[in-house]
Structures are given as structure tokens and as C-alpha cells.
Amino acid sequence: MVARKRSGARPLVVALSVVIAGGVALSACQFPRDPDGTLDRASGGTIRVGVGQRMPWAGWDGDRPVGAEVDLVTAMAGRLHARLEWTRGSDEELLQALEKRALDVVAAGLEAKSPWGSTVSFTRSFLTTRSVLAVGPGVPAPRRLHDVTVAAPPDGADAALLREHGAHVVPEDRRDVPRLVEDWQLGPQLRRTGVKLLEVKHVLALPLGENAWLLRVNRLLEGSAERARRSLRRLHPEEGGARE
């Protein structure tokens, strides 16, 4: 009797396995999903892009959007065979519009640690940059920050961190002292010293919960770091911009 019960149970187990596998496959076809259908609407259609003002990442030249992130979004639209509809605004205005699904992408020089990450979705980091101490021709390279005069923007986290380490911050247009720059600015006329400060991961913002759209954009951003560096150097060429 025991042997017959085991023999009879086998088809049932197989049948249940087929049903479960079919259910999993069906679920896989349904996810990830866009509640508002952003990916379907954008593919071959129109991508609504909000552009802030933080050059060289994103900004405006008259009525024309410019910046490294604008270049990335333009390339992404080309691969989706989509048109682009540009909107200008402050970071707060654009991200609020994104939260309300009035935009599909925001390019505004955003960082992965931005507090807006709780109300919008951030893409994968398309580029990681580092603030480094660099020197021009004839300027001695310091090995530390304490009691060193450094040319840097006077406000923000970088300047605060410099002062915390004992450096003296002077206007960023000084060329006779070490300068705080991002690593993509290094080149023949501006070489690294080995002193590093902050590391920043740069992202685009998308509507929260549009998961198929997020997945597609993340895939399109794969391998885009060098494209972003080329755009940054083209938009900010005065240091020579050689590849590292």
C-alpha cells in the first residue's frame, strides 16, 4: 500500500510543480511594472526632461539645455527612438514635478546622497567623482592639508572640510597655490598631489515606483562614465582635460 501511494502521488507533485513554475513565469512577465506606463509611453514617444542649473552637469545656454547629463539623456533618447521635451526650473520645482509624474527624468547635478531619494527614484551612479588637491606648473605639491593655502569655492562641504583639516581657503581663481578640483579636471596643466577629500556618486532622478522605466534607464546608463567625462572636459576645457 505504501508503495502504491507513493507511485500515485508522483503525478500530483509533477502537476503542482508545473503550475507553480507557470505562476512564477507569469509573475516574471508582469514585473517590474510601471503603474503609469512611463517606459511604454517614452519608447518611441516623448521623454519629459527637467533640467536644473548646475554646470557643467546640467544647465541652460539661453533656451538650449546643455551639460554632461543633458548629453547622457540625449543619447538615451536616441536609443529609445524618443523625442525630448525640456523643462527649466529650480531643483525643488523639478523634483516636485517629478514626484507628481509631470516629468520623466530630472537632470540637475544630483548626488546619490540627496535627501530627495525618499520621494523620487535615483538611477544607478553614472559617474563617481572625487575632490582632489591638484597643482599647476611650478606650484609645490603639499603632502597634507594642515596650514596649506588652497584655492577652492568658499562655500559648501569641500570648503568646510578643508578648514576642518586646517587649510586656509582662498578664492578659487588663484593659480599660485594648490587647488581643490574634481578628478576629471586633471590634465597636463593640473596634476594630482595624492590628497583626496570627498567622493560623490552622480545620478539622474526618475519618478518613484516606475520600476520598468528605472530598470531600462539603468541599463542605458551602463558604461556611460567615459561619455560623461568627455562631456565634462568639453564643457570645462581650461585645464587641458587629459585622460587619467
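Arg 101 lies in the loop between helix 4 (91-99) and strand 5, where helices (H or I, at least four residues) and strands (E, at least two) are DSSP runs numbered from the N terminus. Although Arg 101 is not a glycine, it has a positive phi of about 70°. At 25% relative accessibility, Arg 101 counts as partly exposed, on a scale in which buried means under 20% relative accessible area, exposed over 50% and partly exposed in between, with a 1.4 Å probe and protein chains only.

## Basis of the model

This is a predicted model, in which local features need pLDDT of at least 70 and side-chain atom pairs count only at pLDDT 80 or more, while totals for chains, interfaces and linings use all residues. Residues are numbered from 1 along each chain as its sequence is written, and side-chain values use heavy atoms, with hydrogens and water left out.

The average pLDDT of the protein (the predictor's confidence in each residue, from 0 to 100) is 87, and 84% of the residues score at least 70. Over residues 12-30 pLDDT stays under 50, and the model has 0 contacts beyond four places in sequence for this stretch, a contact being heavy atoms within 4.5 Å. Residues 240-244 also stay under 50 in pLDDT, but for them the model has 15 contacts beyond four places in sequence. Where pLDDT is low, the predicted coordinates should not be read in detail.

## Overall composition

The secondary structure comes to 7 helices and 11 strands, and buried residues make up 42% of the 244 residues in the protein. Of the contacts with a separation of 6 or more, 73% are accounted for by residues 24 or more positions apart. The protein exposes about 13500 Å², of which carbon and sulfur atoms supply 53%; accessible areas come from the Shrake-Rupley method with a 1.4 Å probe, and for residues only the protein chains shown count as cover.

In helix 6 (residues 211-221), the buried residues are Ala 212, Trp 213, Leu 214, Val 217, Asn 218, Leu 220 and Leu 221. The elements that cover these buried residues include helix 2 (38-42), strand 1 (46-51), helix 3 (68-80), strand 5 (105-111), strand 6 (121-122) and strand 11 (191-206). Helix 6 is followed by Gly 223, whose phi is positive, near 75°.

The axes of helix 3 and helix 6 come within 10 Å and cross at roughly 110°, where axes are lines fitted to C-alpha atoms, for helices over the stretch in contact, and angles run from 0 to 180 degrees between N-to-C directions. The two helices, helix 3 and helix 6, are therefore roughly perpendicular to each other, given that angles under 35 degrees count as roughly parallel, over 145 as roughly antiparallel, 65 to 115 as roughly perpendicular and the rest as oblique. Helix 3 contributes Leu 72, Met 76, Arg 79 and Leu 80 to the contact, and helix 6 contributes Trp 213, Arg 216, Val 217, Leu 220 and Leu 221. By class, this contact of helix 3 with helix 6 has 7 nonpolar, no polar and 2 charged residues, with Ala, Val, Leu, Ile, Met, Phe, Trp, Tyr, Cys and Pro counted as nonpolar, Asp, Glu, Lys and Arg as charged, and the others, Gly among them, as polar.

## Helix 7 and the segment after it

Within helix 7 (residues 225-235), Ala 228, Ser 231, Leu 232 and Arg 233 are buried, and the buried residues of this helix pack against helix 3 and strand 7 (127-135). Ser 231 of helix 7 has a relative accessibility of 4% and counts as buried. Leaving aside residues up to four places away in sequence, Ser 231 touches Ala 68 and Asp 71; the C-alpha atoms of Ser 231 and Asp 71 are separated by 7.3 Å, although these residues are 160 residues apart along the chain.

His 236 is placed in the segment after helix 7 and, at 24% relative accessibility, counts as partly exposed. Apart from residues up to four places away in sequence, His 236 touches Trp 184 and Gln 185.

Pro 56 lies in the loop between strand 1 and strand 2 (59-61), and a cis peptide bond with an omega of about 5° joins Met 55 to Pro 56. His 81 is found in the loop between helix 3 and strand 4 (83-88), and its phi is near 55°, a positive value in a residue other than glycine. With a relative accessible area of 66%, His 81 is exposed.
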